[in-house]
Amino acid sequence: RWIQEWFDTQPSQFSAHGTDIMGLRHCGNRCAIEHTPADPCDHFHEFVAANLGEKMIQRRRDAVLTDLPPLTEVTIKCPMGTAQAQAYKAMKKDYLAVVNEKEIIAWSAAARNVTLDRMTTGLGVLGLNQPSTQHSAKFDRLRFDLESRAEPTLIVAHYRESVEIAAQVATSLGMRAATIHGGTSKGARSAAVSDFQNGKLDVL
């Protein structure tokens, strides 16, 4: 009864006796369009006041991040090398379709093949047993950037192989590095985060 008082519900598709909670009652598309999680609608405020009250602690981003410098984003283009571009072009031919007697590329950002995606990082990422920095402008750029950095650096990358290669680049420069990905155990993951926070690692 409490759920139905505050939320729109429907019978669960996965359980004969279950109920799916769809969202706060009276909230519609207008609330989603005009409001964000940082600035919720009146329906949300009513729900919080009636059910959570002083038990809910809400901190605004501006209140807890006052000491941080402004965020800086830099986009650096890393053109593919000759071997990388040739391999990419050869495989891309499998993703052409003919529409009105014209060839168009039939893959998109939402459905592109994983192998093609990895090729844009480097041919060494395709190595299942021994990933390497071979034929990769991106890892060449990473090496260039790391050489000039003295502070701890967090690197985020797609795919386990990309993460492992990034660590190889760092260690080849004499840096202390660790990796976290889907194959990292819980213990190793916690140790890597702790070591990075405590200054025992240069690169994570």
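Q: How many residues does α8 have, and how far does α8 reach from its first C-alpha to its last?
A: In this predicted model, α8 has 13 residues and spans 19 Å from the first C-alpha to the last. That is close to the 18 Å expected at 1.5 Å a residue.

Q: Which residues of α8 are buried?
A: The buried residues in α8 are Glu-161, Ser-162, Val-163, Ile-165, Ala-166, Ala-167, Val-169 and Ala-170.

Q: And what covers the buried residues of α8?
A: The cover includes α6 and α7.

Q: What is found just after α8?
A: Gly-174 is found there, and Gly-174 takes a positive phi of about 85°.

Q: Stepping back, what does the secondary structure of the protein come to?
A: The protein has nine helices and four strands. Starting at the N terminus, the order of the elements is α-β-β-α-α-α-α-β-β-α-α-α-α.

Q: How many residues does the protein have, and what percentage count as buried?
A: The protein has 204 residues, of which 22% count as buried.

Q: What share of the contacts comes from residues 24 or more positions apart?
A: Among contacts in the protein with a separation of 6 or more, 43% are between residues 24 or more positions apart.

Q: What is the lining like by class?
A: The lining of the largest pocket has twelve nonpolar residues, together with six charged and five polar ones.

Q: A change of topic: how many aromatic pairs are there in the whole structure?
A: The search finds four aromatic pairs. One of them joins Trp-2 and Phe-47, with 6.1 Å centre to centre and 50° between the planes, and this pair is tilted.

Q: Which parts does the pair of Trp-2 and Phe-47 tie together?
A: Trp-2 lies in helix α1 (residues 2-6) and Phe-47 in helix α3 (residues 42-51), so the pair ties together parts that are 45 residues apart in sequence.

Q: What kind of aromatic pair do Phe-7 and Phe-47 form?
A: Phe-7 and Phe-47 form an edge-to-face pair, with 5.4 Å centre to centre and 70° between the planes. This pair links distant parts of the chain, with Phe-7 in strand β1 (residues 7-11) and Phe-47 in helix α3, 40 residues apart. Both Phe-7 and Phe-47 are buried.

Q: Which residues form one aromatic cluster?
A: The cluster consists of Trp-2, Trp-6, Phe-7 and Phe-47.

Q: Lastly, where does Ala-191 lie, and is Ala-191 buried or partly exposed?
A: Ala-191 lies in helix α9 (residues 186-197). Ala-191 is partly exposed, with a relative accessible area of 36%.

Q: How far apart are Ala-191 and Ala-178?
A: Ala-191 and Ala-178 are 13 residues apart in sequence, and their C-alpha atoms are 9.4 Å apart in space.

Notes
Residues numbered from 1 in each chain as written. Predicted model: local features only at pLDDT ≥ 70, side-chain atom pairs only at ≥ 80, totals over all residues. Heavy atoms only, no water. Nonpolar A, V, L, I, M, F, W, Y, C, P; charged D, E, K, R; others polar. Phe/Tyr/Trp six-rings, centres within 6.5 Å; stacked < 30°, edge-to-face > 60°. Helix = DSSP H or I, 4+ residues; strand = E, 2+ residues; numbered from the N terminus. Buried < 20%, exposed > 50% of the residue type's maximum accessible area, 1.4 Å probe, protein only. Expected span 1.5 Å × (residues − 1). Contact = heavy atoms within 4.5 Å.
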